[in-house]
Amino acid sequence: TIRTNTETGEVVAPEDVHHFADFCGRVSIHPADLGKMKKASNSHNEAGLVVHGFRPMKLLSTTNLMSRSSIGIANDSRVSGSEKALYNLKQSMMKKGVFAVGELLTRVSAMSKMVAIVPKNDEFGGVLIIHLPYKEDIRKVAQSDIGFADRNSVDAAKSLISKSTLNCEDFASCLPENPWLKHFFGYLESVSLGRALGEVEDEAKMDVEQMLETACEEIESFSLSLPEDDQPVKKERKRKAPASVKTEVVKERISEEWIDRYKSDELDLVKNDQLKAFLKSQGERAAGRKADLIDRVIRVIQTELFKE
């Protein structure tokens, strides 16, 4: 990745790049020191998955699950005997009703993540790797934020869930194909064979017509059971004088660094200020929660990657 000075256009050397943090003022952090801190926080120096211990499955709270999950499988061609070892481990875990707590390091230069390793009883023979939060990632819910539900709302929700349940022999057979990979390989095929880029059937998109056909009454009943939101009092605002000239936002070129962050699923490690600066450079709205900012960044990068 080549970094340039936005004012002078000069190439900035890696040793001259600094990060800043607000701590009783603006503190400069050199990338080399940042790398040392990441390395020190990892319990192992090579990319891989390390198991620290086991916990009962009932302690795996679905309300604390964060980020996207992965599937881990054994590879005998790289590690001899790994398939048998993973199979025996999975069988023991399912028999005892436990999941493993481990540390996942995807790249040596990255920061490891705490994960739950859940055994999967299916034909693929893998394990589900779910990212877990650290203590600092969880906040207590204020008492004023806790709502209540009456019996009518609960019954309506149960009825809606019963009509929306996926009826499959196993969970894996219900999963759609990865739309990103279908777009990616379709693009490679069109470029290599000189064909026009065809339409991609995205099985992951919501089928609204099918949902309404299956559970229209249940959706309506659930909507009617919900309490009405308090309408905030709108204050009159002074209208701004219309601008005489509208300036068109010129989008900056998306750097390889942002594309690498997207492909490595590391956008959640980027600070809010950086996400907002990126969105502003692309003429996008830069307000909202971090999850909203990340969603917008992903949409912008995907649009750039998949455009003709």
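Three aromatic pairs turn up in a search of the whole structure, where rings of Phe, Tyr and Trp (its six-membered ring) pair if their centres lie within 6.5 Å, and planes under 30 degrees apart count as stacked, over 60 as edge-to-face and the rest as tilted. The rings of Trp180 and Phe184 are stacked, because their planes meet at 10 degrees with the centres 5.1 Å apart. Ring pairs join Trp180, Phe184 and Phe185 into a cluster. The model is a predicted one, in which local features need pLDDT of at least 70 and side-chain atom pairs pLDDT 80 or more, while totals for chains, interfaces and linings use all residues. Residues are numbered from 1 along each chain as its sequence is written, and side-chain values use heavy atoms, without hydrogens and water.

Trp180 and Phe184 both belong to helix α5 (residues 179-193), four residues apart, or about one turn of the helix. Helices (H or I, at least four residues) and strands (E, at least two) are DSSP runs, numbered from the N terminus. Relative accessibility is 22% for Trp180 and 31% for Phe184, so Trp180 counts as partly exposed, and so does Phe184; buried means under 20% relative accessible area, exposed over 50%, and partly exposed in between (1.4 Å probe, protein chains only).

Strand β7 (residues 98-105) is largely enclosed by the rest of the structure, because eight of its eight residues are buried. Two strands pair if DSSP finds at least two bridges between them. Strand β5 (residues 48-56) pairs with β7 in the antiparallel sense over eight bridges, with Val51 opposite Gly102. Strand β8 (residues 113-119) also pairs with β7 in the antiparallel sense, over five bridges, and here Glu103 stands opposite Met114.
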